[in-house]
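These are my notebook entries on one protein chain.

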Amino acid sequence: MPNNQEITQETQLFAMRHSAEHVLTMAMEQLYGSDEKNNPIIIKAMGPAIADGFYFDFDIATSATAKGFKITEKDFPKIEKAMRKLIQQDLLMEKIDVSMKVARQIFANNIYKQELLDGLANAQDFEISESVSDGKSMIKQQMLEQKPSKLTLYLTGRAEQIAADKKLLAGLEMMSNNDQASIKLASFVDLCKGPHVAKISEIKAFKLLSIAGAYWRGDEKNKMLTRIYGTAFASQAALDDYLAKKQMAEERNHRKIGKEMELFAIIPEIGQGLPVWLPNGYAMRRVIEDYMMKMERRFGYVHILTPHLNRKELFEKSGHLGFYAENMYPPLVYEEKDASGKVIGQEAEVYYPKPMNCPAGIMVYKLKNHSYRDLPIKMGEFGTVYRREKSGELHGLQRVRGFTQNDAHIYCTPEQLKDQFKEVMSMLDIFYKDIGFNNYHFRLSISDPDKAKFQSCGKRSDWEKAENIMREILNEAGVQYVEAKGEAAFYGPKLDVQAVNVFGKEDSISTIQVDFNLPERLDVFYIDEKGVKQRPFVIHRALIGSFERFFAFLIEHYGGDFPVWFAPVQVRILPIADRHLNYARQLMDQLLDEGVRVEIDDRSERLQAKIRSSEVSRVPIMLIIGDNELAAKQVGMRVRGQARVRAEALIKAHQLEGVMTKSGDLGLQSLEVLEKFLKK
Ligand SMILES: [Zn+2]
Ligand SMILES: [Zn+2]
């Protein structure tokens, strides 16, 4: 939980970024306010402070565009210089409230401000929300609370300019029938609710980041404006740190690395949002799948596999066609006709690509009557689901239309609920440690009993029981979590695990969700000690979430430098000359027999070139074979990014296999283990 001090810092940063956005606009008006004939080149539209900075949208006048004028990132140094000059002056930012009439006079020549004022005059919600490119949370332009009768403006300028403007404006307000069309102020003015810094010299460090086209108010029917993104921080060091992380994020972008390492591809002919796993990516996925299946079996899970298509009737019963239809693909209709073209049978069969694995999974549970003695039943499925996503929302492996979940459903008695949760939590802990994610936190989404949304399914006492247990377990584990009241799904509380990667980007990886809806709708039961039918608690849980989304995170977390145990190619053998090829092939066979993912670089290239291409492909281990190695039946080993170490003995393949495929805390330590072994 953030403490008060953090909140204040956050607010200050927000105020600083908001102010920087005004300084950008001021600088832009200075530079491009009007041409020699006094026609405007740019017109300020609007812009907010956002999650990690700010932006502002400028309209470039049609007359200027016609002359080929545009703003590009090449203009940033010039704009930044003008901004810096403003910041060095002793300029104040002062709030002033004006009437609608005066506001209209101030912004007489600005169609955008007039439209905003129209909106406020009609007391419409003027909520501008903008999702930021990296998908981070959005901050809304806070103009909502403005009362149309009084509008908040901010004046930026020297003390005497502001004083003069205030006097002028106060005078205008007093005049009952001033019908002046427009007025000019000495200071810079913008319509804004703030908060801002008192002096713009409080902006300690800023930078313009990028430029993009954006439709006015996000509507493609409107004009395309020029959006400039920037950010501001309390110190140069904090800005530098942010820029370094941003660069790292760009370098580690999973789409970029996915392409370089040939992990996955989106092939338009196959389908948008339907990623294809290439040999390297699939090799990794299989390792993780095997790992997870092994762990789940160890914890008493059984596994099933249900079809991609399920009948319409099932989704009617489960309720998905009622509450989830908009996320589902359209149905497939199957009819069988006889030779004369007449439909055979009663009616057509209608199937939907399944959006969730649960209904089919529950039907498997229901194949048999279960007694309390059978519970808990833990049934896993690496089930592929299909969901409708708008093409504009699709993003690499992160947002896709077809994906495979590491799904499981746990059926248990009320008495078993706590232990089952605990068990999932310990599996989670093992998994995160093994995979090398050491920074994560929990988000517990619970109900709000007063809201109608949470009254449609499940007994109140069951909701409370589940929520209390989830909270107890989190408290007992002493882990960091936030509780979000009213954020639960209508059918049950859930626990999400947010993993934070090395450069601070977070994503929800795992989910544990209690369901009060499906057991009721699909009549899931067990027979208790007294021979009476009872509803079990049903928990959906996905530790890996979906493989696609998980891999997007995993690739960016490691920047492609994967731990040996799940690297797509673990070892590459580099013979120095052709006369070393036979021995290299022998060695490769030996390693292949042991299940090591090994390749040989048999091109007639110089060793340095081979080493370089292995480094580029991010192969963790290189085994080098030259005359000396051949004579002594040894190998030279080079660990990615490190100097070559000479092995004293021939690799004993089975021992190597033990190091490379066994799960455990084999992150980067496995390299050391391997090195020690080879030096022995
Ligand atoms: Zn502002
Ligand atoms: Zn489920």
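Entry 1, terms and source. I count two strands as paired if DSSP finds at least two bridges between them. Helices (H or I, at least four residues) and strands (E, at least two) are DSSP runs, numbered from the N terminus. The model is predicted, and local features need pLDDT of at least 70, side-chain atom pairs count only at pLDDT 80 or more, while totals for chains, interfaces and linings use all residues. Residues are numbered from 1 along each chain as its sequence is written, and chains are lettered from A and ligands numbered from 1 in the order in which they are written.

I noted 21 helices and 28 strands in the protein chain. I call a residue buried if 20 or more other C-beta atoms lie within 10 Å of its own, exposed if 12 or fewer, and partly exposed in between, with C-beta atoms placed from the backbone. Of the 680 residues of the protein chain, 35% are buried by this rule. Two residues are in contact if their C-beta atoms, placed from the backbone, lie within 7 Å. Among contacts with a separation of 6 or more, 72% join residues 24 or more positions apart.

Entry 3, a sheet. I looked up an open sheet of 3 strands, with the order S4-S5-S6 and antiparallel pairing. Strand S4 (92–98) and strand S6 (188–191) are its edges, since each pairs on one side only. Direction ignored, neighbouring strands of this sheet are turned by 25° against each other on average. For angles, axes are lines fitted to C-alpha atoms, for helices over the stretch in contact, and values run from 0 to 180 degrees between N-to-C directions.

S4 and strand S5 (residues 151–157) pair in the antiparallel sense over 7 bridges. Ile96 has Leu153 of S5 as its bridge partner, and Glu94 has Leu155 of S5. Helix H6 (residues 159–174) packs on the sheet and touches S4 and S5, and its direction makes about 5° with that of S4. S5 and S6 are also antiparallel, over 4 bridges; here Leu153 is partnered by Leu191 of S6. Is S5 enclosed or open? I found 6 of its 7 residues buried, so S5 is largely enclosed by the rest of the structure.

The expected span of a helix is 1.5 Å times one less than its number of residues. For the 20 residues of H9 (residues 279–298) this gives 28 Å, and the end C-alpha atoms are 28 Å apart, which agrees. Which residues of H9 are buried? They are Gly281, Met284, Arg285, Ile288 and Met292. The face turned away carries the exposed residues Pro279, Arg286, Lys294 and Arg298. The buried residues of H9 pack against several elements, including strand S16 (402–412) and helix H16 (547–558). Just after H9, Gly300 takes a positive phi of about 85°.

In H17 (residues 581–593), Ala584, Leu587 and Leu591 are buried. These residues fall within an arc of 65° seen down the axis, so they line one face of the helix. An α-helix has 3.6 residues a turn, so residues three or four places apart point the same way. Exposed residues on the face of H17 turned away from its buried side are Asn582, Gln586, Asp589, Leu592 and Asp593.

How values were computed. The arc is that of the directions from the helix axis to the C-beta atoms.
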